[in-house]
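Hi everyone, thanks for making the time.

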Amino acid sequence: MKGLLTKDFLTVKKKYGVTRLIMDLAIIAALMIILEGAGAIYISFLLIPLEVASMLITLANSDEQWKWGKYAIALPISKKQIVSSRYAFAGIAAIIGLCVTLIVNTISYFCFPAYQFGFYLFLSVASFCVVLLFLSFILPSNYWLGVNAGFAVMFILIILLIVLGIWSKLTDNAIMGFIVDNFDMSMIIGFVSVIVLFCLSYTLSTIFFKRKYT
């Protein structure tokens with residue numbers, strides 16, 4: 001499975017490169033400068049999930065173009081291991097996204113201290129959960145109906161996230177207020193639910209991949 005992970009990392013490196021990294025850093029800096037304290041929220045809940053999701057869709061698109069699935073099943077590894085390697089890459093990408101949000105939110109706390117530091121830590125963890133939530137729907141869609149389905153799912157999730165943000169703002173941040181009032185319970189339920197959903201997503205992806213190359 002190490003070889004499969006290496007293949008995915010090399011693919012992302014080739015498709016994105018240093019230019020994409022510089023562009024992402026410039027976007028992060030611009031959002032923090034223009035939006036100040038609110039920039040951390042947009043970076044955590046929109047930019048990071050979008051970037052991680054786009055990486056996985058790029059991998060799925062490359063697999064379809066290169067007919068990778070037909071070659072992969074000829075390797076001395078099981079179909080379950082092939083899917084596992086993609087989910088392992090997704091997990092690593094999500095953790096990298098978590099590290100980025102921790103850095104961004106820490107900088108935002110010291111430069112634009114609009115909230116207590118605990119709130120920025122919460123943003124980082126919540127961003128990680130949103131990333132896993134995105135991937136839990138996108139990955140099975142890729143294995144079931146192809147990369148176009150995964151892209152459509154990502155687009156729908158982004159729209160739903162924006163609508164949720166607008167609704168929360170119109171209701172004076174009712175969702176955030178509930179989370180603050182029930183912080184421990186909300187964190188535990190949210191994190192556990194996302195992990196369970198991610199595991200269920202893995203099971204579905206394995207089933208879809210096996211059916212596709214039976």
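This is a predicted model: local features need pLDDT of at least 70, side-chain atom pairs count only at pLDDT 80 or more; totals for chains, interfaces and linings use all residues.

The lining of the second largest pocket divides into 17 nonpolar residues, two polar and four charged. Residues are numbered from 1 along each chain as its sequence is written, and side-chain values use heavy atoms, with hydrogens and water left out.

Back to the pocket. How much space lies in the second largest pocket? About 600 Å³. Grid points are joined across faces, edges and corners, and the volume is the space filled by probe spheres set on the points.

Of the 23 residues that line this second largest pocket, L21, D24, M55, I96 and V100 are the closest to its centre. Helices α1 (2-35), α2 (39-66) and α4 each supply at least two residues of the lining, and the largest share, 11 residues, comes from α1. Helices here are DSSP runs (H or I, at least four residues), numbered from the N terminus.

Now to the packing. The largest nonpolar core has 34 residues, and I43, V52, L56 and L135 touch the most other members. A nonpolar core is a set of buried Ala, Val, Leu, Ile, Met, Phe, Trp, Tyr and Cys residues joined through side-chain atoms within 4.5 Å. Buried means under 20% relative accessible area, exposed means over 50%, and partly exposed is in between (1.4 Å probe, protein chains only). Helices α1, α2, α3 (68-72), α4, α5 and α8 each supply at least two residues of this core, with α4 giving the most, eight residues.

Take I43 as an example: leaving out residues up to four places away in sequence, I43 touches I28, L31, M32, I48, P49 and V104. Contact means heavy atoms within 4.5 Å. There is also a second, separate core of 18 residues, which includes L123, F134, I138 and L157.

On to the rings. How many aromatic pairs does a search of the whole structure find? It finds 12. Rings of Phe, Tyr and Trp (its six-membered ring) pair if their centres lie within 6.5 Å, and planes over 60 degrees apart count as edge-to-face. Y87 and Y202 have ring centres 5.4 Å apart and planes at 80°, so this pair is edge-to-face. Y87 sits in helix α4 (residues 79-111) and Y202 in helix α8 (residues 183-212), so the pair ties together parts that are 115 residues apart in sequence. Y87 is buried, at 6% relative accessible area.

Y109 and Y120 make another edge-to-face pair, 5.9 Å centre to centre with 65° between the planes. Y109 belongs to α4 and Y120 to α5 (residues 117-145), so here the linked parts are 11 residues apart in sequence. Ring pairs link Y109, F110, F117, F119, Y120 and F122 into a cluster.

Let me finish with the loops. P113 is in the loop between α4 and α5 and is exposed, at 56% relative accessibility. Beyond four places in sequence, P113 touches S108 and Y120.

E36 lies in the loop between α1 and α2 and is partly exposed, at 44%. With neighbours within four places set aside, E36 is in contact with L31, S108 and F112.

Most residues other than glycine have a negative phi. K67 is exposed, at 55% relative accessible area.

Note on methods. Rings of Phe, Tyr and Trp (its six-membered ring) pair if their centres lie within 6.5 Å; planes under 30 degrees apart count as stacked, over 60 as edge-to-face and the rest as tilted. On a 1 Å grid over the protein atoms alone, a cavity is a set of points where a 1.4 Å probe fits but cannot get out, and a pocket is an open set with protein on both sides within 12 Å along at least five of seven lines; lining residues have an atom within 4 Å of a point. Ala, Val, Leu, Ile, Met, Phe, Trp, Tyr, Cys and Pro count as nonpolar, Asp, Glu, Lys and Arg as charged, and the others, Gly among them, as polar.
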